[in-house]
Amino acid sequence: MGKKKGEAETMEKFSELQYVRPDMEKVLGDMRAVTEALKNAADFGEFKAAYMDYVNTDIQVSTARQLAHIRNTINMMDEFYETEMGYFHAWMPKYEILVKEMGTVILNSPFKKDMEEEFGSILIQNMEVGQLLSSEAVVDDMVKEAELANLYSKTVAGASVEFRGEMCSTYGLLKHMQSTDRQERKEAFEAWARLFEGISPKIDEIYDGLVQLRAGMAQKLGFESFIPMGYYKRRRYDYNAEDLKVFRRQVQEVIVPACVKLYERQRKALGVDTLHYYDESISSPQGNPVPVGDRDYMVKKAQEMYRELSPESGEFFDFMVEHELFDLETKKGKRVGGYCTSLPLYHAPFIFSNFNGTQADVNVLTHEAGHAFAGFTADKFQKTPELCHSTSEINEIHSMGMELWTYPWMESFFGDKAEQYRKEHLADALMKIPYMVCVDEFQHRVFEKPEMTAMERRAVWSELEKVYMPWRDYDGNAFLTGGGFWMQKQHIFLYPFYYVDYAMAQIGAFEFYTKMKADRKAAWADYYKLCQAGGSMGYFKLLEYSGLHNVLKEGSVKEALKAVLEELEV
């Protein structure tokens, strides 16, 4: 859409942005008018102008929806924004039907080739896939799916358990689970397990509903199962489930053995006979490095860091600070997790997190800022918001890569523990990969047999843990030993099949790390080029464009990880 000069400069602070519910009846009328204009266009100039009317309408709707979403997740007990999200859940499937109809006109138009030349082939591919995914037959199911996903978030956000005389949420327990006192870690872990066990009947019920809805939608749309449909929803055009097995097998063969060595090294460092789950998150008896300052201190240091990293990243973070495009602190009723989204009308990213006084707070200021930087950058070079964001296999390279780019500044956040942080962070990035592919295979197994019972799903998870995480020991906790751990992974509920993307992207980030150690200037040029490209090309083309390995090819993981495995001595 091309950045309008001065628009970003006049943006208000996030807290001052006015939310106005879009009149979706009028929006649907505007969409029908766009489709008619496309049909009646005399030349490509008129055709493109009609399409850009849709883009501008979509920007308005998307911005209002994201503003409501952000404020809803900041306080899931706020009835106003919960109602607004219900409004969008009810209307968006109808809107998407009209977007599909518009796409049909474009795909059958004599100007299709002109559109491809103007906006790139990926836009046409997205429209073609949109034809397969959108139908009146699944509108009600999509509304129910969104409601169930929101119910999961609300159930977890509202859950609490007693720990040492006070009621704690999941995030309230995490700091205790990283204590240097092993007994405290164990008690916090047991409380965490009790919390999830307490809400597990509700979670099982929600997931039963989601699985049946998703399998049913796939059937209605003519897919053999939800798996290919889920791939299309994630815009995975370059590969299928069989190709992904090649990657998971490489993880099993190359990364799992390396992790076994790293966890054994950790067990010895901690001086324990058996490394239990509650020991995994602490690497040394002295404890994990923790940030040396509060939220304001860390934002100030992050601003200094991004100014020094590059002119581009400095401009980006100054914009974020000026317009207060963060909500970082943990609060009662706030949704768990962290994310980055965007407000396209303002060309503005937004970062959401739950600071808890651990090193994860710093990870947010690098990981989510990587997403935000990539979106902020692509917005300057891409013609529509749709082309600003790629698939998550690429988007997570931006974020995980940024975590590694910021290593030289970690003294600002961790003082004399900075080197410990860097070593542990690099190892931890590798050690997370088996869990990510475990989540992925679990979801494939669930949708290969959607009639599975809740207890059968737990048995599948337990079986896969032994394959991908053979070191995992829950110290006899019956709920987790029996396969209950998967319930805390919100991606499974909210974003099906979105999690292996992190593992695939981590390999790309590790490659950039290897490059930056050899030549930071050249590596930054490649990284910035990848950010500029946004989602204007397919996955394989973007990897090639930025000089990265295709992780789905046999042997590529071992090759890409060579320098990291050497540095970690595994």
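Predicted model: local features only at pLDDT ≥ 70, side-chain atom pairs only at ≥ 80, totals over all residues.

1. A residue is called buried when its relative accessible area is under 20%, exposed when it is over 50%, and partly exposed in between, with a 1.4 Å probe and protein chains only.

2. Residues are numbered from 1 along each chain as its sequence is written, and side-chain values use heavy atoms, with hydrogens and water left out.

3. The protein chain has 26 helices and 5 strands, taken as DSSP runs (H or I of at least four residues for helices, E of at least two for strands) and numbered from the N terminus. Its radius of gyration is 23 Å, close to the 25 Å that the globule rule gives for 570 residues, so the chain is as compact as a globular protein of that length; the radius is taken over C-alpha atoms, and the rule is 2.2 Å times the number of residues to the power 0.38.

4. Ser 225 sits in the loop between helix 8 (182-220) and helix 9 (226-233), and counts as buried because its relative accessibility is 18%. Leaving aside neighbours within four places in sequence, Ser 225 is in contact with Ala 218 and Phe 447, where contact means heavy atoms within 4.5 Å. The side chain of Ser 225 also reaches the backbone nitrogen of Ile 227 at 3.1 Å.

Definitions and conventions. Polar contact = N/O pair within 3.5 Å; in protein donor to acceptor, adjacent residues only side chain to side chain.
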